[in-house]
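Hi everyone, thanks for coming. Have a look at it first.

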Amino acid sequence: MNSQLPMQRVAITWVNHCGAALVKVVPFSTFDSAVQIGVGFSPVADAFCADGSVDASHSLARPDDDLRLRADPKGLAWLEPSTGWAWAPGQRWQRSGEPYAADQRNFCVQQQQLLHSANITLMAGFELEWLVAGRSEDGSFLPAVLGGPYGADRLIEGLDYATAILNAFDAAGLPWLQFHPEYGSGQFEFSFSHTTAVEAADRLVHAKLLIQRVSNRFGLRCSFSPKPLLGQVGNGGHLHLSLQQADTHWLQGGAGIGGLQPQGEAFIAALLNHLPALLALACPLAVSYLRLAPSSWSAPFQVWGVENREAALRLIPTAADGVSAHLELKVADLAANPYLLLGAVQAVAWQAIQQPAKPLPAAVVGDPALLPDGLAKRLPINLTEASAAFAASELLQKSMGLLLHSSLVDSQKAEIKRCAGLCDEQLVVGSRWWPVVGAI
């Protein structure tokens with residue numbers, strides 16, 4: 001690592017129910033203690049709403065108990081080498097030493113271990129989209145970098161900013177595949193290398209912190225909001241997946257469409273079946289559903305397709321360029337807690353091999369919004385519908401356990417109540433600079 005100073009302090013983060021990264025900082029000299037014993041954190045932090053308030057009716061909105069946030073030393077990495085700042089992912093434990101049943105990262109770890117017990121490996125990587133803007137007094141959006149969609153002109157206009165972002169990623173040891181200007185004004189995107197589910201979630205949390213820090217150094221503001229501007233594209237957090245059991249790659253080399261193996265067909269069928277419930281995790285804010293508009297490449301229909309960017313599940317088959325086949329979950333945005341989302345996806349994969357769902361339906365070709373009525377079912381159009389599907393999901397109840405599942409239902413109810421009566425413009429403005437609480 002190209003550090004100017006040795007590690008002096010470590011920011012230990014975890015991600016709560018509303019998708020916000022929370023933090024405790026320790027001196028590097030006491031990092032071993034933070035690994036073995038941890039630092040205190042109240043369970044009430046999972047009752048926080050997206051605006052930082054606490055919903056009094058939430059089951060975790062109580063002053064009792066305390067937890068220990070333990071750093072995972074395998075994730076220790078640089079945050080800002082020039083100032084001695086490091087970062088590590090954290091996981092919460094009971095003071096007795098037992099894992100905390102509502103810890104999101106623990107859920108992801110448990111589901112990963114369950115798959116590994118059957119010699120199944122799920123590999124994952126996120127796409128990360130964000131808007132970068134100047135700081136205006138009235139909170140309006142002023143794109144900080146001009147240039148057209150996917151344009152080299154935007155890259156050149158923002159080359160100093162892009163260089164700083166890429167340098168920060170390289171210094172932190174974050175492997176990335178691609179970086180480019182996206183479609184929206186002032187919008188950029190990273191695609192990350194595939195890795196295990198837990199590490200993929202860690203990388204996304206780490207990357208967002210780095211982007212936020214570099215943007216601040218340039219006097220800019222970045223937004224990961226699912227819908228920062230009405231009438232323009234939102235920010236997605238698409239999730240790419242591949243699965244392998246022993247020497248069999250589920251998504252390639254088979255006789256099914258696109259080369260699917262029987263296990264791959266069962267997995268996609270199971271994911272399709274559970275998508276309405278998973279949507280509450282993939283799109284956890286009320287404003288998320290403004291992004292999921294038909295015919296906008298946000299894929300709001302419960303369908304799958306081969307290389308179809310309007311399908312909620314897009315199969316990218318293996319090709320002559322040597323890239324392994326993988327599946328893209330297109331509906332997810334960056335308000336999602338990545339540990340919860342990947343934990344749930346792994347739970348679906350486990351069910352797919354234990355109790356195969358109904359046969360895989362036909363792949364959709366073209367825009368599903370243009371198909372005759374009934375041929376493409378719309379996914380939940382708001383958080384109320386998605387939360388009802390989540391609450392009723394026997395799979396997620398069982399895999400998550402009562403405390404985690406029920407407390408997430410409480411958080412979804414709190415978000416619905418917080419946003420009740422707000423018009424679309426109010427939703428957008430109120431979350432424009434998410435996850436920064438209190439920003440205009």
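This is a predicted model: local features need pLDDT of at least 70, side-chain atom pairs count only at pLDDT 80 or more; totals for chains, interfaces and linings use all residues.

Let's start with E80, which sits in strand β5, residues 77-80.

Residues are numbered from 1 along each chain as its sequence is written, and side-chain values use heavy atoms, with hydrogens and water left out.

So, is E80 buried or exposed? E80 is buried, because its relative accessible area is 10%; buried means under 20%, exposed over 50%, and partly exposed in between, using a 1.4 Å probe and protein chains only.

Which side chains does E80 make polar contacts with? One is T83, at 2.7 Å, and another is R213, at 2.9 Å. By polar contact I mean a pair of N or O atoms within 3.5 Å; within protein, one must be able to donate a hydrogen and the other to accept it, and residues adjacent in sequence count only if both atoms are side-chain atoms. If you set aside the neighbours within four places in sequence, E80 is in contact with W85, R213 and R217, contact being heavy atoms within 4.5 Å.

Next up is R154, in helix α3, residues 152-157. R154 is buried too, with a relative accessible area of 1%. Its side chain reaches two backbone oxygens: that of G184 at 3.0 Å and that of Q187 at 2.7 Å.

Now the helix pairs. Two packed helices are described by the angle between their axes and the distance between the axes. The axes are lines fitted to C-alpha atoms, for helices over the stretch in contact, and the angles run from 0 to 180 degrees between N-to-C directions.

First pair: α2 (residues 104-117) and α8 (residues 338-354) have axes 8 Å apart, at an angle of about 25°. That's why we call α2 and α8 roughly parallel; the cut-offs are under 35 degrees for roughly parallel, over 145 for roughly antiparallel, 65 to 115 for roughly perpendicular, and oblique for the rest. Among the residues that meet are F107 and L114 from α2, and L342 and W350 from α8. By class, this contact of α2 with α8 has 11 nonpolar, 6 polar and 1 charged residues. For those classes, Ala, Val, Leu, Ile, Met, Phe, Trp, Tyr, Cys and Pro are nonpolar, Asp, Glu, Lys and Arg are charged, and the others, Gly among them, are polar.

Moving on to α9 (residues 383-392) and α11 (residues 402-419): their axes come within 10 Å and cross at roughly 165°. So α9 is roughly antiparallel to α11. The residues that meet include F390 in α9 and I416 in α11. Here the count for α9 with α11 is 6 nonpolar, 4 polar and 1 charged.

Last one: α9 also packs with α6 (residues 262-282), where the axes come within 7 Å and cross at roughly 115°. L279 and L281 in α6 are among the residues involved, along with L383 and F390 in α9. How many charged residues are in the contact of α6 with α9? There are no charged ones, alongside 9 nonpolar and 1 polar.

That's my tour, thanks!

Note on methods:
Helices (H or I, at least four residues) and strands (E, at least two) are DSSP runs, numbered from the N terminus.
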